[in-house]
Protein chains: 2
Amino acid sequence: MSELAARVLVVEDEQQMLRFLRTALTAQGYEVREAVTAAESIVEATTHNPELILLDLGLPDGDGIDLTRRFREWTRVPIIVISARGREDDKVAALDAGADDYLTKPFSVNELLARMRVALRHAAQAGTDTSSTVIEVGELRVDQVRREVAVGGREVRLTPTEYRLLVLMAANAGKVLTHRQILKAVWGPPYMGETHYLRVFMAQLRRKIEADPARPRLLVTEPGVGYRMRDV
Amino acid sequence: MSELAARVLVVEDEQQMLRFLRTALTAQGYEVREAVTAAESIVEATTHNPELILLDLGLPDGDGIDLTRRFREWTRVPIIVISARGREDDKVAALDAGADDYLTKPFSVNELLARMRVALRHAAQAGTDTSSTVIEVGELRVDQVRREVAVGGREVRLTPTEYRLLVLMAANAGKVLTHRQILKAVWGPPYMGETHYLRVFMAQLRRKIEADPARPRLLVTEPGVGYRMRDV
DNA sequence: CCGCCCCCTGACACAATCCTGACGCTTCCC
DNA sequence: GGGAAGCGTCAGGATTGTGTCAGGGGGCGG
């Protein structure tokens, strides 16, 4: 399992709790690194790239919720907040700030370990997706940094909406996207019913990137469901 | 926000709690679907493809942890467990079975909503997909992400209704589904009396996926009751 | 102020799907 | 043996979904 020997950063100022966590996690085979202050935790995180962060809200040099937000500016590493404060507002604020879970002291070790496994499971799942800047599907090539689209080397000029639609389809090559999913992603939630937009823009895209727009090989229709970019 | 109008499946047998959740979630703009039993929840999930599942552990017809495990055989949709049981073992078992979070009754609505946002955030990160995987029954193979059906490696093209019917049967492989259950799930509650639809579409499905449609080995008839997909 | 480009919208043709009725078969019960 | 009920099969017509075209309106830059 990939959770074995995962690097865990524990951010905690109370010595007692820190010792407790260290022994518990080490016993499970985790590689534990420690930070006592918010500042220190950022240094640790940047230098040692942990796979999971356990974060106590009650730090001496700053608000843990702010710290969470700061982490989220540059990393998606799972953050499990541990706090003596059981107030509803704290939980909601921490979770909305980007924390993945919230445990109130006192907590059971086994529950913590189980929730850590969940967090690491999520990370492993999310890690597989390639959010690379260049997407290639057959003859099609989309460079998201340069915002350039080419088919068989030939440059293709796309309008903003066409481009967003194409990126969405290419990024999910092989998968079927429903009308609702596409409309929500490209036009926004309020437009989830406007399936006609889709037909018009799919036709335009096909005219620009397909060799024979009447017989699409890349942007195929899944009748009654949605569309799919064929990846083979 | 992309989590607006997300489809949520609530699996809960207590009427009071069900009503409570329904009003709270609807007020937040969620599209709520409901199931009262474990069997019903699988039917609902396969046919309506929710983006999140709220699952009460205390169901009349089965263990919620087993149900979680069953969901995880074919879908990665976020599951938040709600339970009156606050025992550590229950939490660990549910989380390790594949649940993404665990709330103990009584819980605060705001915390539930915050944890739902976390779960939906994770799902959105993992991809635009609804995170379903593959169902395999003998020679039959259903890939819900690609929406592809194959029998012994050979691709099969299905219409929307045929596909929904097949997914329903495959997800419940081994179990007998009554005419009413199938009709309700595939065509909707108003059509529970139209058993003729079933005969027509079962015949069409058999013609497409059975080696000898006259002697079905996958989609078998349970006379006077309903149909069943044989899982061996 | 003008022109261009893009997005939205409506009308229409075509294709595919779903519904519906008729009919023959089997099974079970009387 | 006969009838009824349930099931499987077939084919045509209604309905829905999809592709296509063209034009108006609004925003943006010159």
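Let's start at the interface: 38 residues of chain B are in contact with 39 residues of chain A. Keep in mind that this is a predicted model. The area buried between chain B and chain A is about 3,400 Å². Carbon and sulfur atoms give 45% of that area.

Now the charges. How many salt bridges are there between chain B and chain A? The count is 11. Take one of them, Arg180(A) with Glu31(B). The closest N and O atoms of Arg180(A) and Glu31(B) are 3.7 Å apart. That pair counts because the cut-off for a salt bridge is 4 Å. Polar contacts between chain B and chain A come to 23 residue pairs, both residues at pLDDT 80 or more.

Which elements of chain B supply at least two residues each to the side that touches chain A? Among them are α4, residues 88-97, and β7, residues 101-104. Helix α5, residues 109-126, is on that list as well.

Next, the aromatics. Over all chains, the structure holds 8 aromatic pairs. Look at Trp187(A) and Phe201(A). Their centres are 5.4 Å apart, with 70° between the planes. The pair is edge-to-face, because planes over 60 degrees apart fall in that class. Where do the two residues sit? Trp187(A) is in the loop between α7 (179-186) and α8 (195-209) of chain A, and Phe201(A) is in helix α8 of chain A. So the pair ties together parts that are 14 residues apart in sequence.

Is Trp187(A) buried or exposed? Its relative accessible area is 19%. The limit for buried is under 20%, so Trp187(A) counts as buried.

Over to chain B. The rings of Trp187(B) and Phe201(B) have their centres 5.4 Å apart and their planes at 70°, so this pair is edge-to-face. Trp187(B) lies in the loop between α7 (179-186) and α8 (195-209) of chain B, with Phe201(B) in helix α8 of chain B. The pair therefore ties together parts 14 residues apart in sequence. Both Trp187(B) and Phe201(B) are buried.

Back in chain A, there is an aromatic cluster. Trp187(A) and Phe201(A) belong to it, together with Tyr191(A) and Tyr197(A).

Two rings have a charge over the face. Arg147(A) lies over Tyr163(A), at 4.3 Å from the ring centre. In chain B, Arg147(B) lies over the face of Tyr163(B), at 4.2 Å from the ring centre.

Last, two single residues. Ile135(B) lies in strand β8 of chain B, residues 134-137. With a relative accessible area of 7%, Ile135(B) is buried. What does Ile135(B) touch, not counting residues up to four places away in sequence? Its contacts there are Trp74(B), Leu140(B), Arg141(B), Val142(B), Gln144(B), Ala170(B) and Ala171(B). Glu88(B) is 47 residues from Ile135(B) along the chain, and their C-alpha atoms are separated by 32 Å.

The other residue is Gly138(A). Its place is in the loop between β8 (134-137) and β9 (140-143) of chain A. Gly138(A) is exposed, with a relative accessible area of 64%. Between Gly138(A) and Ala123(A) there are 29 Å in space, C-alpha to C-alpha, for 15 residues in sequence.

Conventions:
Residues numbered from 1 in each chain as written. Chains lettered and ligands numbered in written order. Predicted model: local features only at pLDDT ≥ 70, side-chain atom pairs only at ≥ 80, totals over all residues. Heavy atoms only, no water. Phe/Tyr/Trp six-rings, centres within 6.5 Å; stacked < 30°, edge-to-face > 60°. Helix = DSSP H or I, 4+ residues; strand = E, 2+ residues; numbered from the N terminus. Buried < 20%, exposed > 50% of the residue type's maximum accessible area, 1.4 Å probe, protein only. Lys NZ or Arg CZ within 6 Å of the ring centre and 35° of its normal. Contact = heavy atoms within 4.5 Å. Buried area = accessible area lost by both parts, 1.4 Å probe. Salt bridge = Lys/Arg side-chain N within 4 Å of Asp/Glu carboxyl O. Polar contact = N/O pair within 3.5 Å; in protein donor to acceptor, adjacent residues only side chain to side chain.
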